[in-house]
Amino acid sequence: MNKKGVVIGVIVVAIIAGLAASYSSSPSETVNLDMGRTHGTISTAMGSPILGDTSAPLTIVEFGDYQCEQCYAWFHETKPAIVRDYIDTGKANLVFVDLAFLGRDSIPASMATYCAEDQGMYWEYHDLLYNSQESVDNGWANSERLKAFAFSLDLDMELFESCLDSEKYSKRVQYNIRQARENGVRGTPGFFIVGPDGQEKIGGAQPFSVFKQILDSMI
Amino acid sequence: MVQTIKLVYSNFKYVVLASTIFVSMMIGLLILSEYIFLEPYVVAHLPSGSELGFLLIVLLSALSALVIPMNIFRISVLKSSKQKMGGGIFGSIIGTAAGACSCGPVGFAVISTFGSVGATATAFLTNYEIPIRIIAIAILIITYFTTVKSLKVECKLNP
């Protein structure tokens, strides 16, 4: 009887601990563990975790490069209004898929975001890269700087360095680049708004008004 | 200087040519530099911090529209050599290339086709877009003054 009680107790404690752990992480971030995840015609299985409510009716799929200045412009000019009006309100969520093509530091920067994801900090690292962007390949996203960004986010440096140096996520980034090409993305940033009735493509760092018009028409 | 401009642009054909160059070059550059989008809706957008880039595109288009017809006039009407035409065309091309190669479709196509060489060229044109456009404008200004000078000599205009 006592043994049975102990086993049940352990199971209950484990369930409570699991629930507590899941609620203690950022409510707007989920780690991507769904290997069959697709949005419209795009396989986002290897993309970022979903930003926002996973059950939102619309998904914005962004194809981007961390060294692209137009992506930087969209990140600062348009994205805040989309987050405010659509993601924070549960009307849409967002997935970032890498189209790292601009320079030699583009792919390592993308790989680094997934190393940060291993420690539950994908979006924090993603935002830090876009806030720190400088000229293409001028060294702002070289290996040392990528590690310095991780350090500034208080990540476990041993884990992060081992992940980045071993190019753990090289194939994941290559898969995402293939997805971009297969879906006809010919530059960054490129977007697909995916809803229950289909998907719309938006090319370039277009203003919020364009996104609003499409998102409202698809809700 | 005014006499030279009057001489060239008194012919309506050159006014039409200048207007065509200005409009097509400006709209083309604004599309390439993503100030104008055609899909899914036609929309113009000037992000904050990109005002200088926009101003340089307008200047580049205006100078190209001024200089290229003047050089065509020299060649076709005065049967002059084509040597000085090069400055106007060169200035226009490098000014255009500076804006075209970024993370948009042109840059993507260049990198996809030419690999690391294309990436290096694209990175250079992207990083130095503003200085390259300023150099292109300087080339067009120099070409303008040399064209005016040679037209004065060739047409025996009073200084």
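Helices (H or I, at least four residues) and strands (E, at least two) are DSSP runs, numbered from the N terminus.

I noted that this is a predicted model, where local features need pLDDT of at least 70, side-chain atom pairs count only at pLDDT 80 or more, and totals for chains, interfaces and linings use all residues. Residues are numbered from 1 along each chain as its sequence is written, while chains are lettered from A and ligands numbered from 1 in the order in which they are written.

**Entry: strand S3 of chain A**

I looked up which way the residues of S3(A) point. Leu58(A), Ile60(A), Glu62(A) and Gly64(A) point one way, Thr59(A), Val61(A) and Phe63(A) point the other way, and all are buried. In a regular strand, side chains alternate between the two faces of the sheet. With seven of its seven residues buried, S3(A) is largely enclosed by the rest of the structure.

**Entry: the sheet**

Next I checked pairing, which needs at least two DSSP bridges between two strands. S3(A) pairs with S4(A) (residues 92–98) in the parallel sense over seven bridges. Thr59(A) has Asn93(A) as its bridge partner there, and Phe63(A) stands opposite Val97(A). With S5(A) (residues 190–195), S3(A) pairs in the antiparallel sense over five bridges, and Val61(A) stands opposite Phe192(A).

I then traced the open sheet of four strands in chain A, ordered S4-S3-S5-S6 with mixed pairing. S4(A) and S6(A) (198–203) stand at the edges with a single partner strand each, so one side of each is left without a neighbour in the sheet.

**Entry: helix H2 of chain A**

Is H2(A) (residues 69–77) mostly covered or mostly open? I found it mostly covered, with seven of its nine residues buried. Among them are Cys71(A), Tyr72(A) and Trp74(A). The cover includes S3(A), H3(A) (79–87) and H5(A) (122–132), together with H5 of chain B.

**Entry: the contact between chains**

I read off 19 residues from chain B and 25 residues from chain A. Helix H5(B) (residues 105–127) gives the most to the chain B side, with eight residues.

Key: Two residues are in contact if their C-beta atoms, placed from the backbone, lie within 7 Å. A residue is buried if 20 or more other C-beta atoms lie within 10 Å of its own, exposed if 12 or fewer, and partly exposed in between; C-beta atoms are placed from the backbone.
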